Amino acid sequence: MSGPTREDERFMAAALRLARRNLGLTSTNPSVGCVIVKDDTIVGRAVTAPGGRPHAETQALADAGEQARGATAYVTLEPCSHHGRTPPCVDALIASGIARVVVCLLDPDERVAGRGVVMLRDAGIDVDLGVLRDEGERVLEAYLMRQRMKRPHVTLKLAVSADGMIGRKGEGQVRITGAVSRAQVQVLRAETDAILVGVGTANADDPELTVRLPGLEARSPIRIVLDRRLDLAVESKLVRSARAVLSFAVADSVLDAPAMTRRSTLEEAGVEVLNADTIYDLLIALASRGISSLLVEGGARAARQFLDAGLVDRILLYTGPATIGEDGIRSPFDRMTVPAGFSLKRTARYGNDIFDDYERDSGCSQA
């Protein structure tokens, strides 16, 4: 069996770039990239289709055609070996005459979990594992979290002023960061399955929580409002557009009579009400619906609830240059007071803004 080479890393990097394209679009399935290479040339390529089917491998093989025979397939996740709505990708790879398969990550799904590799090797195909594993873990972090921990991967995003505020009392949305930072957040939304805000933010700011970049509008995530008593304003943009973009309100499991009336009103408008008494209960419920990635955008109370529950995996902090003053709404943290258990992985400048990317330290994430 041949070992991984620098060329293997180059082609796996291409497969990982493909995989990123459909993050947030593939339903319960992971967004997988696959490239078919023959004589150091890519002869077929594909990413899991929107909705989760067809899978990347079968599309890439179709793209390669007869050139797949004797070629090498680079796949970001172990090819599936079980029968679902489509036949196993392992069978398609074997039938194609592929000579070698290079896999970035084994699939933790108990229906696969190494079986795909065994089937390929039993068919006489060389298999190499773990090429660009760390990069693959990042690209597929949401799917891997849902499979391993049975909950979505949670990213907390905050825009904070230079004096540690996220807004100004009684003023609704306050622009804190510049155009480059705001565009980055739009891309982040497009790659995410669901986005969450607290009801206070929803009623004060009246956001749409959709993707507004030209050409990416159809990639708006599921919208979730943490709304224990169902106080979300019926005239809000979120409620008025609920039939166009799937929207959830998360309430306590026991509601009083006025809240039950508000529930009926919201449901009639197209908002789906979920009952979850804790943040963990909510994440389990979302995972059961196939949601792998959750972006928590605010406000301060919602952010604090996720942090206190120990259920934030990544923090994206955008710090603007302006100050808000004493009438501001204090952020739960800023660059000087990052929560314990997180390490800074990257810092960048977006115009006049400072961007910091923190990840939870290994072993600190809770199920």
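This is a predicted model: local features need pLDDT of at least 70, side-chain atom pairs count only at pLDDT 80 or more; totals for chains, interfaces and linings use all residues.
Me: Which residue does a cis peptide bond join to Arg 53?
Reply: Most peptide bonds are trans. At Arg 53 the bond to the partner is cis, with omega about 0°.

Me: What is phi of Asp 39, near which value?
Reply: Most residues other than glycine have a negative phi. Asp 39 lies in the loop between β1 (33-38) and β2. Its phi is positive, near 55°.

Me: Are the axes of α3 and α4 roughly parallel or roughly antiparallel?
Reply: Two packed helices are described by the angle between their axes and the distance between the axes. The axes of α3 (residues 89-96) and α4 (residues 115-122) come within 10 Å and cross at roughly 20°. Angles under 35 degrees count as roughly parallel, so α3 is to α4 roughly parallel.

Me: Is the crossing of α3 past α4 left-handed or right-handed?
Reply: The axes cross at roughly 20°. α3 passes α4 in a crossing that is right-handed.

Me: Which element gives the largest share of the lining of the largest pocket?
Reply: This pocket holds about 1200 Å³ of space and has 48 lining residues. Ile 166, Gln 173, Thr 201, Asp 205 and Glu 297 lie nearest its centre. Elements supplying at least two lining residues each include β6 (153-160), β8 (194-198) and α12 (300-308). The largest share, seven residues, comes from α7.

Me: How many charged residues are in the lining of the largest pocket?
Reply: By class, 18 of its lining residues are nonpolar and 13 are polar. The charged ones number 17.

Me: Which domains each give at least three residues to the lining of the second largest pocket?
Reply: That pocket has about 640 Å³ of space. Its lining has 34 residues, with Arg 20, Leu 23, Glu 141, Glu 191 and Arg 314 nearest the centre. By class, 15 are nonpolar, eleven polar and eight charged. At least three residues come from each of domain 1 (6-143) and domain 2 (151-360).

Key. Residues are numbered from 1 along each chain as its sequence is written. Side-chain values use heavy atoms; hydrogens and water are left out. On a 1 Å grid over the protein atoms alone, a cavity is a set of points where a 1.4 Å probe fits but cannot get out, and a pocket is an open set with protein on both sides within 12 Å along at least five of seven lines; lining residues have an atom within 4 Å of a point. Grid points are joined across faces, edges and corners, and a volume is the space filled by probe spheres set on the points. Helices (H or I, at least four residues) and strands (E, at least two) are DSSP runs, numbered from the N terminus. Ala, Val, Leu, Ile, Met, Phe, Trp, Tyr, Cys and Pro count as nonpolar, Asp, Glu, Lys and Arg as charged, and the others, Gly among them, as polar. Domain bounds come from an automatic or database domain assignment. Axes are lines fitted to C-alpha atoms, for helices over the stretch in contact, and angles run from 0 to 180 degrees between N-to-C directions. Angles under 35 degrees count as roughly parallel, over 145 as roughly antiparallel, 65 to 115 as roughly perpendicular and the rest as oblique. A crossing is left-handed if the near helix is turned anticlockwise from the far one by less than a right angle, and right-handed if clockwise.
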